[in-house]
Amino acid sequence: MAATPEKPAAVTPRRKAGRHRGEGQWAVGHFTPLNGNEQFKKDDDGLNVRTRIETIYSKRGFDSIDPNDLRGRMRWWGLYTQRKPGIDGGKTAILEPEELDDEYFMLRVRIDGGRLTTEQLRVIGEISQEFARGTADLTDRQNVQYHWIRIEDVPEIWRRLEEVGLSTTEACGDTPRVILGSPVAGIAENEIIDGSPAIDEIQRRFIGNPDFSNLPRKFKSAVSGSPQLDVAHEINDIAFVGVNPPEHGPGFDLWVGGGLSTNPKLGVRLGAWVPLDEVPDVYGGVIGIFRDYGYRRLRTRARLKFLVADWGPEKFRQILEDEYLKYELVDGPAPEQPTGTWRDHLGVHKQKDGRFYVGFAPRVGRVDGATLTKIADLAGAHGSGRLRTTAEQKMIVLDVEEAQVESLVAGLEALDLRVTPSPFRRGTMACTGIEFCKLAIVETKARGASLIDELERRIPEFDEPITININGCPNACARIQVADIGLKGQLVLDDNGNQVEGFQVHLGGALGLEAGFGRKVRGLKVTSAELPDYVERVLLRFQEQREAGERFATWAARASDGDLS
């Protein structure tokens, strides 16, 4: 069993902390908080705020909440204040936090591995209708997000979620966030290895554990044994990717240091093969490195990707082996080229037990509580009671008998949940946007939904895989840099010189073994009103100019600036 590091106080300093404060790394003796976030985390563990929510804030109301809890520690339990209505995007970076805060919250329900039962989904839907004005968005981290949550209702919401085995613990904050998993783990015919036992053990050992509840920033992770590479492993802090080398058998290839936001970096391979039963130990070693060596001086450099970039994969692996695991990892191969063009598991597919799973798409992850309860009813009537969320804002019903498939598909389609969607509905993703997010500059969800409708109407014959990711700000929650067409929200000037909502355009990004970031054409920006015209124009040029079998990303890399404008 690998050794797990103790609390930071037990870390042996390599050198004394002098006057130079460095990057605020605990492992080299820099324990003095260097910014307000580090100070409030030192003052009190974010996990402790739950008691105050239950005993004080839910009883005395919003105005009783301490500011460091409101905009800090409450994230440890999945709570963010949402944006006050009526504040335009031009004021996002100007107003103080208390001017942007509404007296309502976003609440994120973590769904590790995307695994749900019909009972759990029904409870999620009922909570949405009773406490969240019907909101319940599917995210690209396999979670569900509510809005309009009152602090008075939070204890009751927790009670109902936890009664069916769900949680909001560390769904936000500087913590180990939800663990992504293949949505077809344990059932897919072509699966290399089922990572679900490792996800369960990581949850048990690390989530809600005070030893790992004060990280430099968020820690994102993924475990998938699917050959379709279906968890965006390249942009997680740590990822375990299924491989099957003949000399070792099924196991995982280890990646670290991925992440997007304003300084995007793709994860790097450590060249190590990890067997299933060692995945939690290796996870513990990597998160321990992040806790102890991660940069805490500047929030903009506090993600693991910066440490990995500075150290390099060889040093990172050496520190992991020597100081945390206390054994050498086994060398192993990279994953093979992913199977299939899409990684979202939409459509009807045969399981390895002979039954079927059915994947379906809402528009840009936007659903509501009433729809979720109806999905739970359909899944209960046609399957075994198991569902999955995906890392693409989609959902899957598992264990459907062949005789039940047609009826289930018809029921989903009646809810406007497409099993065989157009490329536009299938490939368009949007973050929360200015409707609720305090960081956003532009609207996203409605914009994405209307863009899908426009493109389906204008170019219904288009049948190539295409991803269109829409983000309300530069932080890339909707993964704009790795989309075929990535749209970063900002204010732009229209033809009349007026400042309006619009987007900076990224073109030709991709995930998979040919992963890379999109190209930015100098000065290429588009207003929200012009967006359908622009996307239609670029896609038609792609159709005209593409070579046989050429992907959009490949064409965009070689196309002229004029053809991309």
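Student: Which residues lie nearest the centre of the largest cavity?
Tutor: This is a predicted model, and in it the largest cavity is lined by 14 residues, with Gly-181, Ser-182, Ala-185, Ser-196 and Ile-199 nearest its centre.

Student: Which elements give two or more residues to that lining?
Tutor: Those elements are α7 and β7, and by class the lining of the largest cavity has 4 nonpolar, 7 polar and 3 charged residues.

Student: And what volume does the largest cavity have?
Tutor: The largest cavity has a volume of about 50 Å³, and the count of cavities of 30 Å³ or more comes to 1.

Student: Switching to rings: how many aromatic pairs are found in the whole structure?
Tutor: A search of the whole structure finds 18 aromatic pairs. One of them is formed by Phe-206 and Tyr-283, a tilted pair with 5.1 Å from centre to centre and 50° between the planes.

Student: Why does that pair tie together parts that are apart in sequence?
Tutor: Phe-206 lies in helix α7 (residues 196-206) while Tyr-283 lies in helix α8 (residues 279-293), so the pair ties together parts that are 77 residues apart in sequence.

Student: Is Phe-206 buried or exposed?
Tutor: Phe-206 has a relative accessible area of 1%, and because buried means under 20%, Phe-206 counts as buried. Tyr-283 counts as buried too, at 1% relative accessibility.

Student: Why is the pair of Phe-542 and Trp-555 called tilted?
Tutor: The ring centres of Phe-542 and Trp-555 are 5.7 Å apart and the planes stand at 55°, so the pair is tilted. Phe-542 sits in helix α15 (residues 531-545) and Trp-555 in helix α16 (residues 552-558), 13 residues apart, and both Phe-542 and Trp-555 are buried.

Student: Which residues do ring pairs link into a cluster?
Tutor: Ring pairs link Phe-206, Phe-212, Phe-219, Tyr-283 and Phe-290 into a cluster.

Student: Next, α9. How many of its residues are buried?
Tutor: Helix α9 (residues 304-311) is mostly covered, with 6 of its 8 residues buried, namely Leu-304, Lys-305, Phe-306, Leu-307, Val-308 and Trp-311.

Student: What do those pack against?
Tutor: The buried residues of α9 pack against β7 (219-224), β9 (251-256), β10 (268-274), α8 and α10 (313-325). Just after α9, Gly-312 takes a positive phi of about 85°.

Student: Where is Arg-296?
Tutor: Arg-296 is in the loop between α8 and α9, and at 2% relative accessibility Arg-296 counts as buried. Leaving aside neighbours within four places in sequence, Arg-296 is in contact with residues including Glu-23, Trp-26, Glu-38 and Asn-214.

Student: Last one: which residues touch the most other members in the largest nonpolar core?
Tutor: That core has 54 residues, and Ile-53, Met-74, Phe-105, Ile-124, Tyr-146 and Ile-149 touch the most other members. Apart from it lies another core, of 39 residues, among them Phe-240, Phe-306, Val-308 and Phe-316.

How values were computed. Residues are numbered from 1 along each chain as its sequence is written. This is a predicted model: local features need pLDDT of at least 70, side-chain atom pairs count only at pLDDT 80 or more; totals for chains, interfaces and linings use all residues. Side-chain values use heavy atoms; hydrogens and water are left out. A nonpolar core is a set of buried Ala, Val, Leu, Ile, Met, Phe, Trp, Tyr and Cys residues joined through side-chain atoms within 4.5 Å. Buried means under 20% relative accessible area, exposed over 50%, partly exposed in between (1.4 Å probe, protein chains only). Rings of Phe, Tyr and Trp (its six-membered ring) pair if their centres lie within 6.5 Å; planes under 30 degrees apart count as stacked, over 60 as edge-to-face and the rest as tilted. Helices (H or I, at least four residues) and strands (E, at least two) are DSSP runs, numbered from the N terminus. Contact means heavy atoms within 4.5 Å. On a 1 Å grid over the protein atoms alone, a cavity is a set of points where a 1.4 Å probe fits but cannot get out, and a pocket is an open set with protein on both sides within 12 Å along at least five of seven lines; lining residues have an atom within 4 Å of a point. Grid points are joined across faces, edges and corners, and a volume is the space filled by probe spheres set on the points. Ala, Val, Leu, Ile, Met, Phe, Trp, Tyr, Cys and Pro count as nonpolar, Asp, Glu, Lys and Arg as charged, and the others, Gly among them, as polar.
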